[in-house]
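Visitor: I've never looked at this one before. Could you walk me through it, one question at a time?

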Amino acid sequence: MNLSTPIEELRGVGPVYRGKLKRLGIKQIKDLLYHFPHRYEDFSNIVPIAQAKTGENCCLRGKVLDISSNRTWRKRMSITEAVLGDETGAIKIVWFNQPYLVNAFKKGDGLCVAGKILSDKHGFHLSSPVYEKMNEQELTHTGRLVPIYEETSGLSSRWLRGVIKYLLTTVAPQLEEPIPEQLLKEHRLMPIKKAIWQIHFPDSLALAEKARERFSFEELLAMSIWILMERNKLDQKKAFAMPLNVPLMQRFTGNLPFKLTDGQKKASWQILKDLERPSPMSRLLEGDVGSGKTVVATMAALNAFKAGYQTVFMAPTEILAKQHFKTVSKLLEGFKMDIGLLTGKEDKFTSRNLKNDFIEISREKLMEKAVNNKIHVLIGTHTLIQDKVKFGNLGLVILDEQHRFGVEQRAKLTRQTTIPHLLSMTATPIPRTLALTLYGDLDLSLISELPVGRKKIITKIVTPAERQKTYAFIRKEIKKGRQAFVICPRIEKPDLKISDIRADIGNQNMTEVKAVKEEYEKLSKKVFPDLHVGMLHGKLAMKEKERIMRDFRYKKIDILVSTSVVEVGVDIPNATVMMIEGADRFGLAQLHQFRGRVGRSNWQSYCFLSTDSPASPAGRPSRKTHQRLKALMTCENGFDLAEKDLEIRGPGDFSGLRQWGMPDLAMASLNNLPLIEKTRTAAKKILEEDPSLKKYPALREKLKSFHQKIHLE
Ligand code: ADP
Ligand code: MG
């Protein structure tokens, strides 16, 4: 058995455990060793039985004097009782629903137990303690600092402790140090062989902390190196140089019904300058919801076209792809361009030829056009384009709301040896530290202001008592000519992240659809029978979705009841009310995205956060919920909000990082700027001296698994 042995070869790991482990991303022995506890229970203090006191957590050691089990019929519960004695006294132990324990020990066995002392109807006793037979040479579950692992996927800490401890003695000695010797010294890091023990079975909390620090360093170092290597790889590639056509850009901006903001001007300048160079651009355009990123992207596409190259524009959802198609086509009217739209499911594609308006063509035709340079901008969803299309002369990839797109993925889109330039856009506010780690500061463009004239969106929490008043308000807005969104939450999974939701779009759960249908029935029949209420969810046919979005855009629908399909990017400037049902079920970043659907014109807009979840029977939101929703009321911009979110929830939820396989410890360290800077500097130095890591085989090995994980997506 070695570090890369698949876990199924481990004794005691059958198909069930294998499934559970795989869900945690654990495939090899090494992954198990790198599955770290998230906290420790301190059972190191063994007290004499006579000193055990009610209400205290303690660890006791003695001999089993008696053990028996019985079943209470009325409550259908089994109770196992034992008596444990040492030289100072004896105490009763009670376990519920673990009848097998009767056979686990017999009278006279030495036993170590840890748990809480209670005094209740069972008398003075130790309640459901963790236990361990004393004939094991060294204690694993009691009598020490005991590791507690996340138990989300049905793997008990007890099971993990057993397996990991076994691996620590048998396989862990084969672990090689991935951190270069001089860095270990310079940063006083604990060496791997010691650290792997101390992180699982620490001798003290201080040592556990030192071990954790060391592994954070290791993960962040690996990540920084990986990113720098990707970067170097990219820098060696060629891209098409696209001369900046200033008069063309001026003509474009002159045609706009508004003036670009300073942020938009600066960002487009940076992008257009990048495009002039013969090496591939990698730029992230960050701008809060509504800051006008689409226009900036469109300028880049126009310039690419003039230079003779194609652009592909990838959106996270179908609805958004269609919207982009409309917006971009409109913006590029008069520039003699062919723009295609590729969407899923119904295999119909539309191409806009300047004079012909929209014509539908088959998928084959569209792909043929793409490969023969007959389409200048192709718009579609990420997945569809990635899987299906090849371009003849692709010069630029624009990604809306997706963060990682490796060199290989870029290369796959073309038939050329050149790599297309990449412009990645996001409204997810990525904290500076994170952006630095992921992109390096050179490649970040920021639009930090909204177009002038936008008013602050008024955000309010709506309790059930205020619901009618809110409906009356919505009615008034509609009478003024405005429109409203009503969002229904997904009921079954409260803590979904924005990225998960996106991954899930088009595959929406029926529960959510049901919630939307109910809300729609209520609003259209009872509350607003005289208004036009529409309904939108992912399960509708594409044509139907399209029709509804069109009706909403052209004001044939006043109120749109929808699932999270409209979360990202949807742009209906006339809508001024966003009412979010079950607001407590959404994450802050998500709520901010929803709110960003309104306030896209100079009308005063409103966001109502309705919370009457079962979690708050009194009708008042719980304190923590309140804290989150309040943050939304006080923070207008996504960056402040991201920081608040970081405070309230801790890091770990940004931009789908977990999805692309970022290790937990690296995630947890993302708000540790000094550590990020340290590892980044170290990574640079290592690569300068030894670009292919010849001197560091263990580090190279580590990167390999990192690379695999990220490209598995
Ligand atoms: P996002 O950055 O969220 O993708 P969009 O690109 O969808 O934002 O733009 C939001 C809205 O603002 C659109 O209706 C767009 O036409 C409008 N817009 C963009 N730039 C400006 C500007 N400089 N002044 C006024 N409105 C603008
Ligand atoms: Mg957008």
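This is a predicted model: local features need pLDDT of at least 70, side-chain atom pairs count only at pLDDT 80 or more; totals for chains, interfaces and linings use all residues.

Visitor: How are the rings of Tyr471 and Phe528 arranged, stacked or edge-to-face?

Guide: This is a pair from a count of 15 aromatic pairs. The ring centres of Tyr471 and Phe528 are 5.6 Å apart. Planes over 60 degrees apart count as edge-to-face. With the planes at 85°, the pair is therefore edge-to-face.

Visitor: How many residues apart in sequence are the parts this pair ties together?

Guide: Tyr471 and Phe528 are both buried. Tyr471 is in helix α16 (residues 467-479), whereas Phe528 is in the loop between α18 (510-527) and β19 (533-536), so the pair ties together parts whose separation in sequence is 57 residues.

Visitor: And Phe473 with Tyr606: is Phe473 buried or partly exposed?

Guide: The rings of Phe473 and Tyr606 have centres 4.6 Å apart and planes at 75°, so this pair is edge-to-face too. Tyr606 has a relative accessible area of 14%, so it is buried. Phe473 has 22%, so it is partly exposed.

Visitor: Which residues have the most contacts inside the largest nonpolar core?

Guide: That core has 76 residues, and the ones with the most contacts inside it are Phe485 and Ile580.  Its largest share, nine residues, comes from helix α10 (residues 293-306). At least three residues come from each of domain 2 (246-276 + 292-426) and domain 3 (458-635). As for the names you asked for, they are Phe485 and Ile580.

Visitor: How many residues of helix α20 are buried?

Guide: Helix α20 covers residues 588-595 and is mostly covered. Its buried residues include Leu591 and Phe594, both of which are touched by Ile580. Out of eight residues in α20, the number buried is seven.

Visitor: Is Thr261 buried or exposed?

Guide: Thr261 is in the loop between α8 (246-255) and α9 (262-275). Leaving aside neighbours within four places in sequence, Thr261 is in contact with Ile447, Glu449, Leu450 and Pro451. Buried means under 20% relative accessible area. Thr261 has 9%, so it counts as buried.

Visitor: Which residue has its backbone nitrogen 2.8 Å from a polar atom of the His376 side chain?

Guide: His376 is in the loop between α12 (363-371) and β13 (377-381). Its relative accessible area is 18%, so His376 is buried. Not counting residues up to four places away in sequence, His376 touches several residues, including Phe305, Tyr309 and Lys336. The backbone nitrogen 2.8 Å from that side-chain atom belongs to Asp338.

Notes: Residues are numbered from 1 along each chain as its sequence is written. Chains are lettered from A and ligands numbered from 1 in the order in which they are written. Side-chain values use heavy atoms; hydrogens and water are left out. A nonpolar core is a set of buried Ala, Val, Leu, Ile, Met, Phe, Trp, Tyr and Cys residues joined through side-chain atoms within 4.5 Å. Buried means under 20% relative accessible area, exposed over 50%, partly exposed in between (1.4 Å probe, protein chains only). Helices (H or I, at least four residues) and strands (E, at least two) are DSSP runs, numbered from the N terminus. Domain bounds come from an automatic or database domain assignment. Contact means heavy atoms within 4.5 Å. Rings of Phe, Tyr and Trp (its six-membered ring) pair if their centres lie within 6.5 Å; planes under 30 degrees apart count as stacked, over 60 as edge-to-face and the rest as tilted. A polar contact is a pair of N or O atoms within 3.5 Å; within protein, one must be able to donate a hydrogen and the other to accept it, and residues adjacent in sequence count only if both atoms are side-chain atoms.
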